[in-house]
Structures are given as C-alpha cells and as structure tokens.
Amino acid sequence: MRIRNVIHKGLRRLIEDDDHSGIQPDLVGKLLRMLAFLQDMTDETQLRQVPTWKAHQLTGNRKGTWSLFVSKNWRLTFRIDKTEIEIIDLNYEDYH
C-alpha cells in the first residue's frame, strides 16, 4: 500500500530522507521493518500476521484507525483508504 501522508515529523523524515532524528535510536530498525511491511501489504487482514504488533482498530472517536505496538508507550497509528488502497494519516504517537 502506498503511504499518502505522515503526521509525525520525525517519522516523515525517516521515510523521505532516511533521517533518524526525531526517532528513538533503538526503534529505528523496527520502524523501518514495520513501514516496509505496510508498504508491501495488499489488504488490512495481513496486519494480524505479526502477533507482536498487537494490531487492532481503535474505537470511539478514533473508530477506523489501526494501531500497531512499537514499544512500551509508542504506537504506529493510521487509517486505510480502501478505495485508493492507501495508508492515510500515518502517525507515531505516545499513547500515555
């Protein structure tokens, strides 16, 4: 899937420029693997193939947003545009 837009500035720099600033150094490798997986997947059912990511959809006012576990408090969150087959509003956020 193509990534349409990235909200987190550090994550955007990592994707566009391979610039690791703004990302914890010990998580860069994991994030790069996760991003490669997201770009290679063809549909959202594949998200559950990696149990350690704890893929799930959020509820409430964030209904339709996917969450993937990165580390203790950090998650990759995004929505999927099924019509365009794109990942939108990709974010790297501290949940707590």
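Leu 11, Leu 14 and Ile 15 of helix 1 meet Val 28, Leu 31, Leu 32 and Leu 35 of helix 2. The residues of this contact are seven nonpolar, no polar and no charged. The model is predicted.

Two packed helices are described by the angle between their axes and the distance between the axes. Here the axes of helix 1 (residues 9-17) and helix 2 (residues 28-40) come within 11 Å. They cross at roughly 70°. Helix 1 and helix 2 are therefore roughly perpendicular to each other. The crossing is right-handed.

Helix 1 has a buried side and a side turned away from it.

| Side of helix 1 | Residues |
|---|---|
| Buried | Gly 10, Leu 11, Leu 14 |
| Turned away, exposed | Lys 9, Glu 16, Asp 17 |

Gly 10, Leu 11 and Leu 14 are the buried set. Seen down the axis of helix 1, its buried residues fall within an arc of 100°, so they line one face of the helix. An α-helix has 3.6 residues a turn, so residues three or four places apart point the same way. The buried residues of helix 1 pack against helix 2, strand 4 (74-81) and strand 5 (86-94). After helix 1 comes Asp 18, with a positive phi near 55°.

Now a loop residue. Thr 65 sits in the loop between strand 2 (56-57) and strand 3 (66-69). Is Thr 65 buried or exposed? Thr 65 is buried, because its relative accessible area is 8%, and buried means under 20%. Leaving out residues up to four places away in sequence, Thr 65 touches His 56, Gln 57, Leu 58, Thr 77, Phe 78 and Arg 79.

How values were computed
Residues are numbered from 1 along each chain as its sequence is written. This is a predicted model: local features need pLDDT of at least 70, side-chain atom pairs count only at pLDDT 80 or more; totals for chains, interfaces and linings use all residues. Side-chain values use heavy atoms; hydrogens and water are left out. Axes are lines fitted to C-alpha atoms, for helices over the stretch in contact, and angles run from 0 to 180 degrees between N-to-C directions. Helices (H or I, at least four residues) and strands (E, at least two) are DSSP runs, numbered from the N terminus. Angles under 35 degrees count as roughly parallel, over 145 as roughly antiparallel, 65 to 115 as roughly perpendicular and the rest as oblique. A crossing is left-handed if the near helix is turned anticlockwise from the far one by less than a right angle, and right-handed if clockwise. Contact means heavy atoms within 4.5 Å. Ala, Val, Leu, Ile, Met, Phe, Trp, Tyr, Cys and Pro count as nonpolar, Asp, Glu, Lys and Arg as charged, and the others, Gly among them, as polar. Buried means under 20% relative accessible area, exposed over 50%, partly exposed in between (1.4 Å probe, protein chains only). The arc is that of the directions from the helix axis to the C-beta atoms.
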